[in-house]
Structures are given as C-alpha cells and as structure tokens.
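Subject: Handing over a structure, with notes

Dear colleague,

Please find below the structure that I promised to pass on to you.

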Amino acid sequence: MTAFLFILGLVLLVAGAELLVRGASTLAARLGLSPLMIGLTVVAFGTSSPELAVSLKAALGGSASVDLVLGNVVGSNILNVLVVLGLAALITPLVVTRLLVRVDVPIMIGVSILLVLLSLDGRIGRLDGLLLTLGMLAYSALAYRLGKADERPEAAPLTPADAHPPATSRGWLIPLLTTLTGLALLVLGSHWLVQGAMALAQRLGISQMVIGLTVVAIGTSLPEIATAIMATLRGQRDIAVGGVVGSNIANILGVLGPSAVVAGGGIPVPAILFQLDYPLLLVAAAACLPVFFTEHTITRLEGVGLLVLYLIYTVLLVLHTIQHAAFGPSHRIFFLFVIPAMALPLLFQAWRQRGPSH
C-alpha cells in the first residue's frame, strides 16, 4: 500500500504539473509574452509547483516530515541543472539568450549563496522564510518587466494551436480549467507522495533528508525533465533553459520561503548539507555562467559533463548514507580534483571568448 500511494502520488504530481503548465502557458501566450518570459515565469513556477505542494505539506506536518522540505528543494535544484539541462543538451545544443547570462543566472547564484548563509545557524526560521518570500515577489516583478520589454520577432506561443487563439470566452475558459485541474491534482498527489516517502524512509531505515534529496527530488523534478525535453524537441529552447533557471530561483525563494513561514519551529539544516549538498548546489549554479557564456550554448559534451557530475553526487550520497569508509576520500577527490578538472577548460574557453555578446 505504501508503494502504491507513493507511485500514485508521483503520477498525480506529473499529470497535475503537465496540465498546469499547459493551461498557464496558453494563457500567458495569449497575453503576448515571449518564450523566454514563459519559461522564466509560467513554466518555472508551474514545474516548481510539485516542490511547493510537497514542501508545504511536509512543513505543515510538523517535525515528523519537515526534513523533507530542505532536502526536496536542494535536491531538486541540483538535479535541475545537472540532469534536466544535461538531458536537454544531449538532444540538441541549447542556445542561451543574453538576458539569462546577465540577469537570471547571477540571480540564481545569488539566491543559492543566500540559502547557505541563512543556514549557518542550523535552521531556516520564519524570518528567513519571509525574506525569501519577499525575494520571490521582487523577482517575479523583475521577470515580468523584463519579459514585457523583450519584443523579439521570434517570440511565439508554445504550440501552433496557440498562435491564433479564438476571440471567444471559451478560448480563456479551457486553459483556466486546465490550470485549476492541474493544481487540484498537485495537492492530492503531494499528500500521497509525502505519506509514501515518510513510510518508505521508516521501512528502509533511511533518513527523510536523504529521501528528500533523492527520491522525492527526482519525483518532483519529473515535470521539469518532461517540460525541458518536450520544449527542446519543439525547438523552444528558451523555454527549456529558462524553465530550469527560473525553477531553481522559484524553489529557493517561492518554495522554501513559504514553507519556512508556515513551519512551526522553522526548518532544521543537517550538517551533511554543508559537507556535500550545499557545495554541489553552489557548483551547479556557478557552472552555468561559464557554460552559458561560451558562445551562449550548452553543447552535448557539456551536457554529458553535467550528467556525470550528478552520477558522482548520487554515489557519494549513497556512500554517506551507508556510512562507507570510502566516502571521505571520495568526497575530497570529487571537490579537490574532479570538479576543478571539469571547470578549468570551461573557464579558459569563457575567458578566451570574453567580449561583445552574440
């Protein structure tokens, strides 16, 4: 029964996010917003809605499930950059717009650093959550302002069917109903997913933080994966990349923030996050700058590199969970040698190509 509820919760989350993204994207497209704007806001917030639903449910559940919140957010952000962008780049090299490089990626790096700083006292409290939530409102206003100013001729809706929307109320009613249905499925799916994840952690003797960093993070990131791959196949690469960057910003500001506000005693920060997960979170966010800056393109080779980083991270997480003696040496080799070895070529290439943006 536990496995059934967990899997059903995942299915409802994915289905709900898909309906939410489709409905909200259609509404946004009919307002004349660009694909990048849709990716940074509507798609990003829509695909982050599973994280928000799961995190709020866990935060309201008290100390028994609050560990899921931070693990879910951090794990999802790491997976978004390393896996979602990696898989999308394997399909076709992703062209990155100048707006992302100059505005949104630095914001993503900044909020990731802010999260680590707020965690230094061992807890994300209500005041911290309020600060993050206000940051989400400020970013939304900035993204909307920049999106409205982006009047590129290639700005187009998600699908050809949306290019000529009917001038009737039904043209707005169907996307609205689709959006509301998606939200309802997200709420129900999040309830079953949290219940199943808690039971799974207890049965396997694994901490809820690890479950949140892996199983729940992967489950709630499935909409990002599906959306990025679908957008890439459709040629809407702005939506694929913008969705990931916007989703990571939304996860920290718009998911963790409200969750910390409603959590009674705040959200505790385990020490393991400072050893492994926070450093990789910052590395993944910072890696976007040189990757995006080199000809404003994520190549297939860079996509493979991102996927390899996530695979190594997963192995390290497993080694730490089972308290294997190899964790210490492997952890040091990963951060002292592997990451620098992969980063130096990107930094050198970015330095060589510095100058006017393409």
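Helices (H or I, at least four residues) and strands (E, at least two) are DSSP runs, numbered from the N terminus.

Please keep in mind that this is a predicted model, in which local features need pLDDT of at least 70 and side-chain atom pairs count only at pLDDT 80 or more, while totals for chains, interfaces and linings use all residues. Residues are numbered from 1 along each chain as its sequence is written, and side-chain values use heavy atoms, with hydrogens and water left out.

**The chain as a whole**

The protein chain has eleven helices and four strands, and of its 358 residues 52% count as buried. If a contact is taken to mean heavy atoms within 4.5 Å, then residues 24 or more positions apart account for 88% of the contacts in the chain with a separation of 6 or more.

The expected span of a helix is 1.5 Å times one less than its number of residues.

Helix α4 (residues 98-118) has 21 residues and reaches 30 Å from its first C-alpha to its last, close to the 30 Å expected. It has a kink of about 35° at D104, shortly before the proline P106, where the bend at a residue is the angle between axes fitted to the seven residues ending there and the seven starting there. D104 is itself buried, as are V105, M108 and V111, among others in α4.

What does the side chain of N248 join through a polar contact? N248 lies in helix α8 (residues 237-262) and counts as buried because its relative accessible area is 2%. Its side chain is joined to that of N80 by a polar contact of 2.8 Å, a term for a pair of N or O atoms within 3.5 Å of which, within protein, one must be able to donate a hydrogen and the other to accept it, and for which residues adjacent in sequence count only if both atoms are side-chain atoms. Not counting residues up to four places away in sequence, N248 touches S76, N77, N80, V81 and M108. The C-alpha atoms of N248 and V111 are separated by 9.1 Å, although these residues are 137 residues apart along the chain.

V74, in helix α3 (residues 67-91), is buried, with a relative accessible area of 1%. With residues up to four places away in sequence set aside, V74 touches L115, L213, D277, Y278 and L281.

**Aromatic pairs**

Rings of Phe, Tyr and Trp (its six-membered ring) pair if their centres lie within 6.5 Å, and planes under 30 degrees apart count as stacked, over 60 as edge-to-face and the rest as tilted. A search of the whole structure finds three such pairs. One of them is formed by F274 and Y278, which are edge-to-face at 5.2 Å centre to centre and 85° between the planes. Because they are four residues apart in helix α9 (residues 272-293), F274 and Y278 are separated by about one helical turn. F274 counts as partly exposed because its relative accessibility is 32%, whereas Y278 counts as buried at 1%. The rings of F334 and F335 have their centres 5.0 Å apart and their planes at 70°, so this pair is also edge-to-face.

F334 is buried at 2% relative accessibility. P340, in helix α11 (residues 327-352), is in contact with F334 and F335, leaving aside its neighbours within four places in sequence.

Notes
Buried < 20%, exposed > 50% of the residue type's maximum accessible area, 1.4 Å probe, protein only.
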